Amino acid sequence: MEAITRVSVRVVQRYLPSAFVLAVMLTAIVVMLGMGITRQSPIEMVTYWGDGFSELFKFGMQMTLVLLTGYVLALTPVVQTALSGLTRRAGSPRQAILLTIVVSFVCYYLNWGFGMVAGAILAREMGQRVAGIHFPLLVAAAYGGELVRGPSSSIPLVIATPGHFMEDAIGIVPVSQTLYSGWNIALTLLLLALLLAFFARQKQPEHIVTLQMTDQAVPEPVPPPATHDGTPSDRIEHSRLPTLFLGAMAALYLIAQAVTGSFSIDLNTVILFFLALGLLLHRSPKAYLSAAEKGVSAARGIIVQFPLYAGIAGMMTGSGLVTHFSEAVISLATPATFPILTFLCAGIVNFFIPSGGGQWAIQGPIMMEAAAAIGADPAQTIMAFTWGDGWTNQIQPFWALPLLGVAGLSARDIMGYLIVWLAISGLAIGGVFAALALMG
């Protein structure tokens, strides 16, 4: 396994293009598939691309703000002190990797947006404070837990909600049969154990890449409050009152939502939570904006590349490629093999439509209708789709962009490790669904 991983890392570093170039290449591939398989004209494919280009503007802004507010929060004195205490528990590179995996995995399980930023920040701090650690390996370990499907997984939650768009076809499937079923909890723990075992066995390479070699080396300290009597505007800029007021507003809103029972963990909640803490813990507007300036550059990949993937999704949907591919997989299925094929089908389509909710809206009705027709278990089908949607995120730069932005790495730096982890996790997930089929 170590030899395979080393080969994978070398091949990826040599041949994998940047995430931006990869997005352009995927765009070209989908254009050719649409023209060749579903017989679309070039003008039609361009039209689908243009119609989809703006579909992720809102989501892209949310992800930018998740990264930015989380980054700013990480630069507060309180969080820096807490991170220092956590990193001191890691006395060696291997301990740093294991601790980063556990913390990031738990955060991803609770909420993938929170896990994305928390894992990246912890990896950066570990890379800064633990000597002799290969930073790309550490970042890959932090990202490995992204595939976990926890309480914030949108698809099982939608299917468990009365009035969902597929209720007439499949009814209500409670989360006790999907997310919180015994076999799904066991699968989650199995993946955590495999993740720890895989990365714990990786040896530090001869040529170690440290955090200081990346674009996001040790950040400059946030400027202290002004110690001189300046102009009234200077005094306001260095006063705690503006940030305390706005931070209190955001915090009170979240508390009110919790008291009234309307609180839910989603991207908007995570953003507001990070914003409130960042404002309350920074010393002044000047300090907050100084930290934000450092975080903005980390978001450039999201800003530039998310519209490209929205265009790819538009072509996949408009050309009928998603339907064509799903129906081809269904034609090969039996009640026993259907969940495994659903898992693989969702994983492959996810590489071109990296949005769980969007993919489910397009592909879900097709898969669930087929499951009912051949007598496959609906709860297992839903979770197979959910796991497949998260599985190929490991090799899809779309989801790694926030983490890579904070870490200052490119996709090729971590993808060699993640390709091998993709194979290991895929065998584990597929094996669980095969075992469920055998138990009948």
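**Two serine sites and a helix pair in a predicted model**

Ser92 is partly exposed, its relative accessible area being 24%, where buried stands for under 20%, exposed for over 50% and partly exposed for the range in between (1.4 Å probe, protein chains only). Ser92 lies in the loop that joins α5 (77–87) to α6 (93–110), helices being DSSP runs of H or I with at least four residues, numbered from the N terminus. From C-alpha to C-alpha, Ser92 and Val209 are 16 Å apart in space and 117 residues apart in sequence.

The model is a predicted one, in which local features need pLDDT of at least 70 and side-chain atom pairs count only at pLDDT 80 or more, while totals for chains, interfaces and linings use all residues. Residues are numbered from 1 along each chain as its sequence is written, and side-chain values use heavy atoms, with hydrogens and water left out. The mean pLDDT of the protein chain (the predictor's confidence in each residue, from 0 to 100) is 88, and 95% of the residues reach 70 or more. Over residues 217–221, however, the pLDDT is below 50, and this stretch has nine contacts beyond near neighbours in sequence, a contact being heavy atoms within 4.5 Å.

Ser284, placed in the loop between α14 (267–281) and α15 (285–296), counts as buried because its relative accessibility is 2%. Leaving aside residues up to four places away in sequence, Ser284 touches Glu237, His238, Ser239 and Thr243.
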